[in-house]
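Welcome! Take a moment to look over the sequence and the 3D view before reading on.

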Amino acid sequence: MDVLLDNTDIFLRGFRNTILLFLVSAAGSLILGTILAMLRVSPVPVLRATGTAYVTIVRNTPLTLVFFFFVFAFPLLRIISQDDFTPFLGAVIALTLYTSAFVCEVVRSGINTVATGQVEAARALGLTFGQSLANVVLPQATRSVVPPLVSTMIALLKNTTIAAGFSVVEAGAIRDYLSERGESVLIGLLWVAFLFVILVIPLTLLQRALEKRWSVAR
Amino acid sequence: MSMNLFDLPGPRARARHRIYAVVGTLAVVGVVAFVIFRFADSGQFDARRWEWIEYAQIQRDLIDALVNTLKAFAIGAVLALIFGAIFAAGRLSDHAIIRVPSMLVVELFRAIPLVILMFVFHYGIGLGAPINSVVLGLMLYNGAVLAEIFRAGVLALPRGQSEAAYAVGMRKTQVMNLVLLPQALRAMLPAIVSQLVVLLKDTALGFLITYEELLRYARFLGSQAQFGRPLVPLTIVVAAMYIVMCLLLTWLAHYLSKRERRSKKHLDLEGPKPEEVQLASALSTGA
């Protein structure tokens with residue numbers, strides 16, 4: 001308990017950055033992921049192929065490697081000036097690009113669960129691709145999309161810890177500061193693990209509840 | 001899957017789609033060209049930065065690093081499968097005294113980030129060589145996910161299967177080993193292989209605790225001034241290696257599920273399929 005209480009400042013700072021990293025990347029990956037999913041079901045073959053290529057490449061690359069690229073190698077390309085670049089920004093880009101591939105798959109499989117008759121009816125009424133997707137398919141897909149989406153977000157929350165290895169001060173990096181202060185690293189890490197369990201369990205319960213509630217109606 | 005979100009395009013729609021296709025192609029080509037231009041402009045394609053590939057020693061070291069990655073993957077995969085099997089059996093037990101602790105262990109290791117798990121083993125407890133912590137972390141985390149997959153696979157079988165087996169007088173162990181597992185494994189195989197892809201990707205986390213795997217070697221070689229700090233070329237090479245390895249595994253999963261669907265022993269399952277459970281719980285985790 002002492003390790004936690006004597007170093008509240010580090011724990012607070014670490015978890016605040018973790019949650020900030022999570023929220024920014026979650027928003028980014030939801031938007032990018034939905035756009036990618038729309039590309040993957042669009043009537044234009046080139047756009048479909050682009051979406052598929054992106055998802056295939058990103059899903060088969062370790063997240064650590066994506067981080068590696070955006071924190072170490074990306075600044076070398078001088079796309080943005082060296083002063084503007086922070087490891088936090090690199091971490092946000094890496095997490096957003098990586099997670100959006102998974103969001104895309106979840107949304108796309110959700111679109112596929114909507115009964116074909118719904119789309120056919122929408123088309124028979126003369127709705128365009130965009131209209132039938134936005135007004136008919138996506139609202140109905142939400143039901144089967146949200147529970148796995150919550151799981152993807154849980155994974156994102158846990159994945160933020162990888163940023164600790166790339167000089168972002170977040171929950172995973174609490175260890176460095178503790179060992180600097182000569183505190184017990186093991187107890188500190190167990191506290192971090194415990195706090196993550198506290199953060200993840202409500203989300204898991206939410207996901208289970210949504211799954212139970214929404215799977216009945218179909 | 002083959003859901004038609006759009007009508008067969010008429011002449012005007014075809015013209016519009018052609019415009020979209022041109023704009024889309026231009027956008028994609030533009031982005032790719034911009035990235036390649038930046039790579040070239042900052043000198044990443046200079047011959048000097050690619051010279052390292054020609055050194056026999058570096059090739060050997062790179063292969064060694066690859067072998068280390070594969071070693072962690074192989075040991076971790078075997079241990080995770082065993083751990084998963086044991087805890088799935090525990091969760092399916094009729095005795096609450098076994099079922100509840102197994103459930104707690106599985107939920108606990110699924111909730112803790114793998115990085116933190118590895119940090120605890122490496123920096124907290126101090127298990128010596130980094131590979132011990134890497135393998136142990138991979139085993140506990142992926143084993144917990146695999147346990148859920150196994151459990152879902154067994155539960156997804158029609159109830160009639162176990163009822164019939166009990167009716168002919170089999171014991172619990174016999175029902176599980178002779179009737180349920182052979183059918184469940186068949187259905188679970190693709191989900192298990194995709195979890196192994198996750199495990200393979202997670203070995204890259206060893207980088208964070210100084211395990212001498214591909215990324216660590218890339219970092220080391222990438223900072224060598226005599227080769228012009230070829231970090232970007234190395235990242236490209238290492239990424240290609242990982243993508244090829246993962247695609248091979250994914251392709252194996254596809255092949256197995258296709259073969260399974262064709263087979264005469266195929267069984268249409270009701271309820272959530274193991275793949276869906278995995279999509280909901282595991283596919284997107286890890287690195």
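Which residues have the most contacts inside the largest nonpolar core? They are A:Phe67 and B:Ile116, in a core of 130 residues. This is a predicted model, where local features need pLDDT of at least 70, side-chain atom pairs count only at pLDDT 80 or more, and totals for chains, interfaces and linings use all residues. Residues are numbered from 1 along each chain as its sequence is written, while chains are lettered from A and ligands numbered from 1 in the order in which they are written.

**The core**
- A nonpolar core is a set of buried Ala, Val, Leu, Ile, Met, Phe, Trp, Tyr and Cys residues joined through C-beta atoms within 7 Å.
- Buried means that 20 or more other C-beta atoms lie within 10 Å of a residue's own; exposed means 12 or fewer, partly exposed is in between, and C-beta atoms are placed from the backbone.
- Helix H6 (residues 130-155) of chain B gives this core its largest share, 15 residues; helices (H or I, at least four residues) are DSSP runs, numbered from the N terminus.
- Setting aside neighbours within four places in sequence, B:Ile116 is in contact (C-beta atoms, placed from the backbone, within 7 Å) with A:Thr161, A:Gly172, A:Leu189, A:Val192, A:Ala193 and A:Phe196.

**Where the chains meet**
- The contact takes 53 residues from chain A and 49 residues from chain B.
- On the chain B side, H10(B) supplies the largest share, 10 residues.

**A residue before H1**
- B:Pro9 sits in the segment before H1 of chain B.
- B:Pro9 is partly exposed because 15 other C-beta atoms lie within 10 Å.
- Beyond its neighbours within four places in sequence, B:Pro9 is in contact with A:Pro43, B:Arg14 and B:His17.

Key: Two residues are in contact if their C-beta atoms, placed from the backbone, lie within 7 Å. Helices (H or I, at least four residues) and strands (E, at least two) are DSSP runs, numbered from the N terminus.
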